[in-house]
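These are my notebook entries on one structure. I set down what I looked up, topic by topic.

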Amino acid sequence: MRDLPWPARVYLVAVIGAAAALIVRSVVVSGAPVATEHLDILLVLALLFLVCESMPTLLNVEQFAVSVSFSASLAAVVLIGPDGAALVGLTAIVSVRPGLPLVKRLFNGAQFAICGYVAGRVYEALQGQVGVPEVNAFDDLIGPYAAATAIFVPLNIGLTLTMIGLATQVRATEVPVRGMTQFLLSYLGYGTFGLLVAGLWATVASISAVLVLLPLFVARWAFGQYHAQQRSYDATIAALCQAVETKDYYTRGHCTRVSHASSMIAQEIGMGLERVRAIRYAGMLHDVGKLGVPTKVLQKDGPLTEEEYAAIQLHPMRGLEIVRGIGFLDEAYAGIMHHHERHDGTGYPMGLAGDEIPEFAKVIAVADAFDSMTSDRSYRGARPVPVAIEELRKSAGTHFDPVMVAAFIRALDHEPWQPPRRVDPPPPEATETQIKDHDDPTMPIQVVTGQ
Ligand SMILES: [Fe+2]
């Protein structure tokens, strides 16, 4: 609390105070917020809210965690009215989330109580009937319930974002709009489950909550597991990249940038989400085979012998050998194996040409060359982006697939490239060598025939 800026502290106290006033008011006015015969409903919904709130799941929207607990609040709006909905929301204070500070618990509980109460008032104002709904009166609930949901969700998000904004001094306009829209729509969609719980209550009572929300809860949990798995994949890939980049002083960050440029091209040519994810991995790992090439060959000053050049040409195959056992890479294998093929058939390792080259490899070839040209190397400074684009244009149809070059240039129009910062001077022993980059299309590797 002491770490919060004063406007955030004032806001926090105001939200908690408002929630406390609502609860006290309902006790004073009605004697009890919920009638004794409805205590069982209150307990079931509060328990359900608590279970869901204790295990929020990251949505497919980065940075946002969501729980389906608010469906229980909305069911309470119908079954036990605004005061009951406020009490259900208040249970967020005791959610089982180890490490969650008391201040956050109090804020969560207070804002859910306010949202439940306001939604309940809107529901009542629109003639929504409070209590276990009759089957033949169910249609009459839909309009008031939709209005209650339409108030609850934005109010919940607004109260939370205001707190985040005041606490972190990030303006709400800086929150990604696309992510927020997805978040809002998914929240509104989950809101309908509250209506189902209320509707089924007349038939199966408390089991309705389990019937409706348990499968949903399990689905959210499974989605959370999927996210955790994705994070572990990302960490594995990042560790492999790190291992490659430690072999070459000048290629730090190269894998990440190739990965990013590859995903820009992939999105531009209309690849689906799963393929874009796979090509990100392929971009990260395209040079993992360097681990199988002796460092002295990779860093050799001057022309290479035929044997040394052959060792470099083997790095795509070595890469494939290294990652072959990683099941989730799928199509990324083809990108790793063939990223040095050339459109005219003069590349390696297989000498494939044109449409024989896998699509992933065509994409990575462009991204790889572009990042190499726009990065510092020991034998030259980084080229400006327009110069690198011109080089790509010149080599479209010979070195690169013209479709991929055109797609990358279009992608750069809406997302300008951020070249890496200048590389600090390397240690003295490294400056004495002029290490050639095998990805740089403007600096062909010199090979001497061995005699
Ligand atoms: Fe390579």
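The entries below begin with the basis of the model and then take up single features.

**Basis.** I worked from a predicted model, in which local features need pLDDT of at least 70, side-chain atom pairs count only at pLDDT 80 or more, and totals for chains, interfaces and linings use all residues. Residues are numbered from 1 along each chain as its sequence is written, and side-chain values use heavy atoms, with hydrogens and water left out.

**Annotated spans.** I looked up the UniProt record, an unreviewed entry, which places the feature "transmembrane region" at residues 41–61, 73–96, 145–167 and 179–198. I note that the UniProt positions are in the numbering used here, that feature names are shortened, and that annotations may be inferred rather than shown by experiment. I then checked two of these spans for secondary structure, taking helices (H or I, at least four residues) and strands (E, at least two) as DSSP runs numbered from the N terminus. Residues 145–167 are 100% helix and 0% strand, with 33 Å between the end C-alpha atoms. Residues 73–96 are 75% helix and 0% strand, and their end C-alpha atoms lie 18 Å apart.

For burial I used relative accessible area: buried is under 20%, exposed is over 50%, and partly exposed is in between (1.4 Å probe, protein chains only). Ala 46 is buried at 14%. Leaving aside neighbours within four places in sequence, Ala 46 is in contact (heavy atoms within 4.5 Å) with Val 88 and Thr 91. Thr 91 is 45 residues from Ala 46 along the chain, yet their C-alpha atoms are separated by 6.5 Å.

Ser 54 also lies in helix α2, and this residue counts as buried at 15% relative accessibility. Residues up to four places away not counted, Ser 54 touches Ser 95, Val 96 and Arg 97. Ser 54 and Ser 95 are 41 residues apart in sequence, with a C-alpha to C-alpha distance of 4.9 Å.

**Nonpolar patch.** I next looked at the surface. Leu 200, Val 204, Ile 207, Val 210, Leu 211, Leu 214, Val 218 and Trp 221 form a nonpolar patch with about 690 Å² of accessible area together. Helix α7 contributes the largest share, 6 residues. I recorded the patch rule: residues have over 30% relative accessible area and no salt bridge, with like charges joined within 9 Å and nonpolar side chains (Val, Leu, Ile, Met, Phe, Trp, Tyr) within 5 Å. Accessible areas come from the Shrake-Rupley method with a 1.4 Å probe, and for residues only the protein chains shown count as cover. I took Val 218 as an example; Val 218 is in helix α7 and is partly exposed, with a relative accessible area of 45%.

**Salt bridges.** How many salt bridges does the structure hold? I find 13, a salt bridge being a side-chain nitrogen of Lys or Arg within 4 Å of a carboxyl oxygen of Asp or Glu.

- Asp 287 and Lys 290 meet at 3.7 Å, N to O; Asp 287 is buried at 1%, and Lys 290 counts as buried at 4%.
- Glu 321 pairs with Arg 318, the closest N and O atoms being 3.6 Å apart. The two are 3 residues apart in helix α12 (residues 315–323), so about one helical turn separates them. Glu 321 is partly exposed at 46%, as is Arg 318 at 29%.
- Arg 393 and Glu 390 meet at 3.5 Å, N to O. They are 3 residues apart in helix α15 (residues 385–395), so they too are separated by about one helical turn. Arg 393 is partly exposed at 46%, and Glu 390 at 38%.
- Arg 275, Glu 331 and Glu 359 are linked in a network of salt bridges.

**Cysteines.** I searched for disulfides (cysteine sulfur atoms within 2.5 Å) and found 0.
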